[in-house]
Amino acid sequence: MHQHHLEVFGIEDGFLGLIQNRMRVLEWGDVSNILTLGGTILGTSNQANPQQYAIERNGQTEFADVTDRVIEHVRANHLDAIVCIGGDGTMTGAANLIQNGINCIGVPKTIDNDLEGCDQTFGFDTAVTTAAECLDKIHTTAMSHHRVMVVELMGRNAGWLTLHAGVASGADIILIPEIPYDLTKVCEVLEHRSRVGKRFSIITVSEGSKPKGGDVVIQRRVETSPDPIRLGGIANKLVDEIEAASGLEARATILGHIQRGGTPTPADRVLATMFGHHALDLLLEGAVGKLVVWKDGKLNQVDIESVAGKQRKVPADHPLVHTARAVGTSFGD
Ligand code: F6P
């Protein structure tokens with residue numbers, strides 16, 4: 001708007017707005033003073049994949065491919081391109097539109113930081129900051145009551161959020177999906193700490209963690225969602241198991257959606273602004289189907305189709321895993 005006098009439409013509720021033709025022209029007044037807001041002024045939905053759209057028929061949920069409806073709405077509104085802001089589900093949806101001749105430019109946004117090809121998504125730093133602040137508060141009560149505090153963080157099948165918040169807050173044990181844990185080892189660490197006079201311990205556990213040879217804990221299924229599984233509950237399971245195996249008193253805290261809210265950190269605001277600017281440059285150059293990424297300390301772009309349907313996991317030999325181990329943190333393995 002400022003430099004190129006483009007007309008910009010805001011699509012409401014993500015792909016749902018494209019399916020239902022809900023979009024509006026954004027004016028200056030719509031986008032001023034929103035830098036400090038979390039979330040999105042346009043709304044969002046993680047249940048509206050045009051290729052697999054849930055429709056109620058005779059009390060039953062059926063899935064239909066409504067991509068044609070989306071294309072019709074894009075053409076009717078004369079949209080030249082769509083900027084798709086989100087994680088791997090969003091990029092999978094964008095890849096479908098690209099294959100159907102609609103230009104999409106992707107911008108990486110997820111607290112999970114699990115978008116393939118991108119070292120940092122925006123939203124991640126804010127979630128790490130919130131989680132670390134919560135862990136600092138848990139520390140106080142853990143120390144006073146001499147307990148094992150098990151704190152569950154989001155992140156789906158990637159441990160980035162738990163790893164970063166755990167290191168930042170000095171967690172004694174960090175459990176992430178990429179490094180399956182052994183309960184006996186976890187209890188050995190806790191009992192050793194107890195023996196040497198450390199009267200409390202903090203465990204950060206990612207919602208997608210699992211024991212060696214075991215499985216994740218599923219909290220619920222959202223049948224209308226393209227990815228119906230919602231993880232959660234492992235902290236409660238661990239508390240019961242730890243108390244039974246070690247006799248130590250333990251408590252669970254599930255941070256939940258608090259990790260997805262609040263004022264964005266300055267680092268996230270800067271990253272989001274740089275991503276938006278780079279996305280515009282790509283559009284003006286006539287780029288097609290590109291995802292803006294932050295890679296090796298600089299902005300770059302990759303093909304959306306090359307990252308769609310993929311998740312970036314923490315490599316077991318990641319430098320931050322080495323660092324955490326070096327300062328005495330256990331991964332329960
Ligand atoms: O992908 C972001 C995320 O917050 C995950 O970390 C979490 O597993 C999931 O979304 C929760 O989804 P919902 O808000 O639908 O419960």
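Student: How many residues of domain 1 are in contact with how many residues of domain 2?
Tutor: In this predicted model, 13 residues of domain 1 touch 16 residues of domain 2. Interface size is often quoted another way, as the accessible area lost when the parts come together.

Student: Which stretches make up each domain?
Tutor: Domain 1 is 9-122 + 264-307. Domain 2 is 127-261 + 315-326. Their C-alpha centres lie 31 Å apart.

Student: Which domains supply the shell around the ligand?
Tutor: Domain 1 and domain 2 each give at least three residues to that shell.

Student: Which residues surround the ligand?
Tutor: Start with Asn 46, Ile 111 and Asp 112, which are among them. Met 154, Gly 155 and Arg 156 also belong to the set. So do Glu 207, Arg 230, His 257 and Arg 260.

Student: What is the class make-up of the shell?
Tutor: Count by class: 5 charged, 3 polar and 2 nonpolar residues.

Student: What share of the ligand's accessible area does the protein cover?
Tutor: On its own, the ligand has 400 Å² of accessible area, and the protein covers 79% of that.

Student: How many aromatic pairs does the structure hold?
Tutor: A ring pair is described by the distance of the centres and the angle of the planes. Here the count is 0.

Student: Which charged residues lie over the rings of Trp 160 and Phe 200?
Tutor: Arg 312 has its charged end over the ring of Trp 160, 4.0 Å from the centre. Arg 193 lies over the face of Phe 200, 5.7 Å from the ring centre.

Key:
Residues numbered from 1 in each chain as written. Predicted model: local features only at pLDDT ≥ 70, side-chain atom pairs only at ≥ 80, totals over all residues. Heavy atoms only, no water. Near = heavy atom within 4 Å. Areas by Shrake-Rupley, 256 points an atom, 1.4 Å probe, with all protein chains shown as cover. Nonpolar A, V, L, I, M, F, W, Y, C, P; charged D, E, K, R; others polar. Domains from an automatic or database assignment. Phe/Tyr/Trp six-rings, centres within 6.5 Å; stacked < 30°, edge-to-face > 60°. Lys NZ or Arg CZ within 6 Å of the ring centre and 35° of its normal. Contact = heavy atoms within 4.5 Å.
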